[in-house]
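Have a look at the sequence and the 3D view, then read on.

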Amino acid sequence: MNYCKNCGTEVEEGGKFCPNCGTSIDLLSQPSMIIDQMDHPKNPSPYNDPERSYQATSTKGSMNGLAIGGFVASLIGIIVAAAIAGTVGLVLSLIGYKQVKERNQSGKGLALAGIIIGAVDIVFGIWYIWAMS
């Protein structure tokens, strides 16, 4: 019985690839690539282990919705020149920033951008009202 030197999986006679790692049998048919069970016990690839999870995970929690909403509202306030939208964006961003810190969520940058853009929008709104009167 032959085993793949790459991953240790049993290689069937007549197959073209290793069933576990996909190494070509042509490479396995070379004497240096085939080992027997005495030299190397079966060592399956850890990527096929159902007990292990190889999904990408973030060190932080999920994205904070209020941080996103505050940023979008502040951005809309600047684009449309509506101080009300900027105010809503500022408030949502402040709440989102606080939640990001408390809940270890991601979105701190969006919350900060929403706070800055919302504050600028409010200043421009006040300036516009003062200039028009």
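**The chain at a glance**

Of the 133 residues in the chain, 27% are buried (buried means under 20% relative accessible area, exposed over 50%, and partly exposed in between, using a 1.4 Å probe and protein chains only). Keep in mind that this is a predicted model, where local features need pLDDT of at least 70, side-chain atom pairs count only at pLDDT 80 or more, and totals for chains, interfaces and linings use all residues. Residues are numbered from 1 along each chain as its sequence is written, and side-chain values use heavy atoms, with hydrogens and water left out.

**Overall layout**

- You'll find four helices and three strands in the chain (these are DSSP runs, H or I of at least four residues for helices and E of at least two for strands, numbered from the N terminus).
- Going along the sequence, the pattern reads β-β-α-β-α-α-α.
- Among the contacts with a separation of 6 or more, 54% come from residues 24 or more positions apart (contact means heavy atoms within 4.5 Å).

**Helix α3**

- Helix α3 covers residues 83-103, which is 21 residues.
- From first C-alpha to last, α3 reaches 30 Å, close to the 30 Å expected at 1.5 Å a residue (the expected span is 1.5 Å times one less than the number of residues).
- Which residues of α3 are buried? They are Ala85, Gly86, Gly89, Leu90, Ser93, Gly96, Gln99 and Val100.
- Those buried residues pack against α2 (65-80) and α4 (108-132).

**α2 against α3**

- Two packed helices are described by the angle between their axes and the distance between the axes.
- For α2 and α3, the angle is about 155° and the axes are 7 Å apart (axes are lines fitted to C-alpha atoms, for helices over the stretch in contact, and angles run from 0 to 180 degrees between N-to-C directions).
- That makes α2 roughly antiparallel to α3 (angles over 145 degrees count as roughly antiparallel, under 35 as roughly parallel, 65 to 115 as roughly perpendicular and the rest as oblique).
- The α2 and α3 crossing is left-handed (the near helix is turned anticlockwise from the far one by less than a right angle; clockwise would be right-handed).
- On the α2 side, the contact includes Leu66, Gly70 and Phe71, and on the α3 side it includes Val88, Leu92 and Ile95.
- The residues of this contact split into nine nonpolar, nine polar and no charged (Ala, Val, Leu, Ile, Met, Phe, Trp, Tyr, Cys and Pro count as nonpolar, Asp, Glu, Lys and Arg as charged, and the others, Gly among them, as polar).

**α2 against α4**

- α2 and α4 pack at about 30°, with axes 8 Å apart.
- These two helices, α2 and α4, are therefore roughly parallel to each other.
- The crossing of α2 and α4 is left-handed.
- Residues of α2 including Ile68, Leu75 and Ile78 meet a set in α4 that includes Leu110, Ile117 and Asp121.
- By class, the α2 and α4 contact has 10 nonpolar, five polar and one charged residues.

- Met63 sits in the loop between β3 (34-35) and α2, and Met63 is partly exposed, at 41% relative accessible area.
- Although Met63 and Gly107 are 44 residues apart in sequence, their C-alpha atoms are 5.4 Å apart in space.
- Leaving out residues up to four places away in sequence, Met63 touches Ile68, Ser106, Gly107 and Leu110.
- Asn104 lies in the loop between α3 and α4 and is partly exposed, at 43%.
- Most residues other than glycine have a negative phi.
- Asn104 is not a glycine, yet Asn104 has a positive phi of about 55°.
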